[in-house]
Amino acid sequence: MSFTLVAMIGVLALFLLIILQVPISFAMFIVGFFGMLHITSPMAAYNIISSGIWEQLSSYSLSVIPLFVFMGELLFRSGITEKLFAAAYAWTGHRRGSMATTTILSSAGFAAVCGSNTATAATVGTIALPEMKKFGYHKALSAGSVAAGGTLGVIIPPSAVLIVIALQAELAIRDLFIASILPGLILMTLFVLTIACLCWRNPAMAPAGERSFWGVRLASLKGVVEIFVLFTLVLGGLFAGWFTSTEAAAVGCVGAITLIGLRGRLSWEMLWESLSNTLRTSAMILMLVAGAVVFGRFLTVTRLPFMVGEWAAALPLPAIMVMACVLLIYVIGGALMDAMGVLIISIPIFFPVALVLGYDPIWFGIMVCIVTSMGAITPPVGVNAFIVKSLDPELSFGDIFLGVGYFMTPYLLCITLLLLVPDIVLFVL
């Protein structure tokens, strides 16, 4: 049996295990391990797998994951979401659709200190959905703005997904963070413009609120300035070269604890809950990384990624068409399973394809992050849609998916723009 056939059987077996609801990390480990046993000797398989896992998990750069997760957990419990929402509403609340716009802006702000799409949707949605219901907003617009805004959590740095992409593709975390800022702001702006267009076409979807006085607006910034300073210190210091990625994450943790302490909200209970959730989230990510190492070693030995790259380069099609097909695969994968799982499985296969086609690895990392984040609001899975449903059981899935459908157009516009003009991602590097 040829190595290529073994690799293809392994990929099919992986998806079969996932369909049978085996955790992705275990599924990758099982397929990779038994695949290595088949094509090499048992001793060689044990040595390759053990050395690969040890090399990856003992890496100093991997410590950035629990530190950024811990910072997000602390700020999640600090009450920052209410401050962000109040500030955004004070400045934009007098316009039609302002509550939905506030939801998008608050999601972007929370994403900048959280890095998780599900946490962003759940936290902002808890506040935004009751407020929009009170003001008589259309159900679909309310649900769509919360679900779509939550996806900014994996695009705007710091992002656990970007960190995993960097580790998988052996890229600099700093470069991915820098490159993701402008695309994240473009997507956020397109979301806001979409809300404005919907309200212009149908003003009844989103009634205007009351105009806030300038004193209220300025007072609302009091609870937000500290977070902005922390965000600027962490990412600004990282981009300026003052800190490494791990040091920036550590500074963020110390800064978050300091801010919460100054507000008088720091307690042993909060620290315990933050640490517990950090351990669970970090363990899940590290298990995914370990499984990806084993599966990646298996694919490397079979040379499947390189053969796919050579095949793609030989196609009688422009490189941009081939890349569009690759991105379509990511859209479908993101709609069927968690974005992190899609990236962990697919990067070893499609990263060599992007390099063979002549695309910059940083650009490719940002693109797949954005495309798979769209999967968080795409039927049939759309994890953010289920989060919105859990926050407000009165919302039907018809309303929710109608709402997220409004925000598919800005996603497609953003992806098309970055595909046609890659320098938007790369000019800041």
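Contact here means heavy atoms within 4.5 Å. All views show a predicted model.

View 1. With a relative accessibility of 1%, Ser373 counts as buried, because the term applies under 20% relative accessible area. Leaving aside residues up to four places away in sequence, Ser373 is in contact with Thr151, Val154, Ile155 and Tyr411. With one of these residues, Tyr411, the side chain of Ser373 also forms a polar contact of 2.9 Å.

**View 2. A nonpolar patch on the surface.** The patch consists of Trp91, Trp214, Leu218, Leu221, Val225, Phe228 and Val229. Together these residues present about 710 Å² of accessible area. Two helices, H11 (214–220) and H12 (222–240), each contribute at least two residues to the patch. The most is given by H12, which supplies 3 residues. Phe228 is located in helix H12, and its relative accessible area of 55% makes Phe228 exposed.

**View 3. The stacked pair Phe29 and Phe33 in helix H2.** The model contains 11 aromatic pairs under the rule applied. In the pair of Phe29 and Phe33, the ring centres are 6.1 Å apart and the planes meet at 10 degrees, so the arrangement is stacked. The class follows because planes under 30 degrees apart count as stacked. Both residues are part of helix H2 (residues 24–39), where a spacing of 4 residues corresponds to about one turn of the helix. Phe29 is partly exposed, at 34% relative accessible area, whereas Phe33 is buried, at 16% relative accessibility.

**View 4. The tilted pair Phe351 and Phe364.** The rings of Phe351 and Phe364 are 6.3 Å apart from centre to centre, with 50 degrees between their planes, and the pair is classed as tilted. Phe351 comes from helix H17 (residues 339–356) and Phe364 from helix H18, so the pair ties together parts that are 13 residues apart in sequence. Phe351 and Phe364 are both buried.

**View 5. Glu170 in the loop between helices H9 and H10.** The loop that holds Glu170 runs between helix H9 (160–169) and helix H10 (173–201). Most residues other than glycine have a negative phi. In Glu170, phi is positive, with a value near 60 degrees. Glu170 is exposed, with 73% relative accessible area, because the term applies to values over 50%.

**View 6. Leu16 of helix H1 and its separation from Ala27.** Leu16 is a residue of helix H1, which spans residues 3–19. Its relative accessibility is 49%, and Leu16 therefore counts as partly exposed. Ala27 lies 11 residues from Leu16 along the chain, and the C-alpha atoms of Leu16 and Ala27 are separated by 9.1 Å.

Conventions:
Residues are numbered from 1 along each chain as its sequence is written. This is a predicted model: local features need pLDDT of at least 70, side-chain atom pairs count only at pLDDT 80 or more; totals for chains, interfaces and linings use all residues. Side-chain values use heavy atoms; hydrogens and water are left out. Patches are made of residues with over 30% relative accessible area and no salt bridge: like charges are joined within 9 Å, nonpolar side chains (Val, Leu, Ile, Met, Phe, Trp, Tyr) within 5 Å. Accessible areas come from the Shrake-Rupley method with a 1.4 Å probe; for residues, only the protein chains shown count as cover. A salt bridge is a side-chain nitrogen of Lys or Arg within 4 Å of a carboxyl oxygen of Asp or Glu. Buried means under 20% relative accessible area, exposed over 50%, partly exposed in between (1.4 Å probe, protein chains only). A polar contact is a pair of N or O atoms within 3.5 Å; within protein, one must be able to donate a hydrogen and the other to accept it, and residues adjacent in sequence count only if both atoms are side-chain atoms. Rings of Phe, Tyr and Trp (its six-membered ring) pair if their centres lie within 6.5 Å; planes under 30 degrees apart count as stacked, over 60 as edge-to-face and the rest as tilted.
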